[in-house]
Amino acid sequence: HDTAQALLRLGFSTFAEYWAQLLEAELCASGGPLPSAAKIVDCMLRALTRDFASLQDQCTYLGREVYFYKKAQVLIKLLLQSEIHGLETSQRAQGLAQLTLLADNVVPCVLQAKGVLELEPDLARRVATGQTLMYGEAAEVELRAAAVWAGELIVELTGGLLSAGQLDNYLWRLGKARAFRSLPRPCMRDTSFY
């Protein structure tokens, strides 16, 4: 497993050891109490995507880097939701609020079915017929980016009553419901990112 090999290469036998080292490094760098939730999430995201190739979910689109970091955000979410030492409940909640919608193939399917996303005819045909979208191709990047952006707009419309993480949880669970399981989803193979 790539993650286990990366942990061993970095000198850790468990992810808990890796996480503790990250927190300790942040404490030393800040010279006191834990930094803000935004800084903690930023630190975690930078470290995870630097140290684990399987979490480097980014691609170039029209000459610009696009960062999704779906699995890295899932891991950060799980770490923030756990009772890991050093983080106050309010810091964990603030950290969770920093995360975006986790765009894979499930969330865009649900957003399309609910009329939030409208696909261009060629992309709609490819999805409906199960044609593979290659990781990093324009249509795949556009679809995932549109899902993330739609999520941000929905969160904004709630006036802070809903976070992107809560919306993501809802959409993902909805996407696993029987009525949505039968809908055609974007077929994205040969990627470790989702």
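Mentor: A residue is buried under 20% relative accessible area, exposed over 50%, and partly exposed in between, with a 1.4 Å probe and protein chains only. This is a predicted model, in which local features need pLDDT of at least 70, side-chain atom pairs count only at pLDDT 80 or more, and totals for chains, interfaces and linings use all residues. Residues are numbered from 1 along each chain as its sequence is written, and side-chain values use heavy atoms, leaving out hydrogens and water.

Trainee: How many helices and strands are there in the protein chain?

Mentor: Helices (H or I, at least four residues) and strands (E, at least two) are DSSP runs, numbered from the N terminus. Read from that end, the elements run α-α-α-β-β-α-α-α-α-α-α-α. The count is ten helices and two strands.

Trainee: What percentage of the contacts with a separation of 6 or more is between residues 24 or more positions apart?

Mentor: Contact means heavy atoms within 4.5 Å. In the protein chain, the share of such contacts that falls to residues 24 or more positions apart is 67%.

Trainee: Which residues does L171 contact, leaving aside its neighbours within four places in sequence?

Mentor: L171 is among the members of the largest core that touch the most others. With those sequence neighbours left out, the contacts of L171 are L101, V106, V107, V110 and L111.

Trainee: How many residues are in the second, separate core?

Mentor: That core includes L7, W19, L22 and A47. Its number of residues is 22.

Trainee: Which residues of α6 are buried?

Mentor: Helix α6 is mostly covered, with six of its eight residues buried. The cover includes α8, α9 and α10 (178-181). The buried residues are V106, V107, P108, C109, V110 and L111.

Trainee: How far apart are the closest N and O atoms of D57 and R144?

Mentor: A salt bridge is a side-chain nitrogen of Lys or Arg within 4 Å of a carboxyl oxygen of Asp or Glu, and the whole structure holds seven. D57 is buried at 0% relative accessibility, and R144 is buried at 0% as well. These two form a salt bridge, and the distance between their closest N and O atoms is 2.6 Å.

Trainee: By about how much of a helix are R125 and D122 separated?

Mentor: Their side chains meet in a salt bridge with an N to O distance of 2.5 Å. R125 is partly exposed at 40% relative accessibility, and D122 is partly exposed at 44%. Because R125 and D122 lie three residues apart in helix α7, the separation is about one helical turn.

Trainee: Is R126 buried or exposed?

Mentor: R126 and E137 meet in a salt bridge, 2.8 Å from N to O. R126 lies in helix α7 and E137 in the loop between α7 and α8, eleven residues apart. E137 has 22% relative accessibility, so E137 counts as partly exposed. R126 has a relative accessible area of 14%, so R126 is buried.

Trainee: Is L62 buried or exposed?

Mentor: L62 is in the loop between β1 and β2 (64-67). Its phi is near 50°, a positive value in a residue other than glycine. Most residues other than glycine have a negative phi. At 74% relative accessibility, L62 is exposed.

Trainee: Is Y69 buried or exposed?

Mentor: Y69 sits in the loop between β2 and α4 (70-81), and its phi is also positive, near 50°. With a relative accessible area of 11%, Y69 is buried.

Methods
A nonpolar core is a set of buried Ala, Val, Leu, Ile, Met, Phe, Trp, Tyr and Cys residues joined through side-chain atoms within 4.5 Å.
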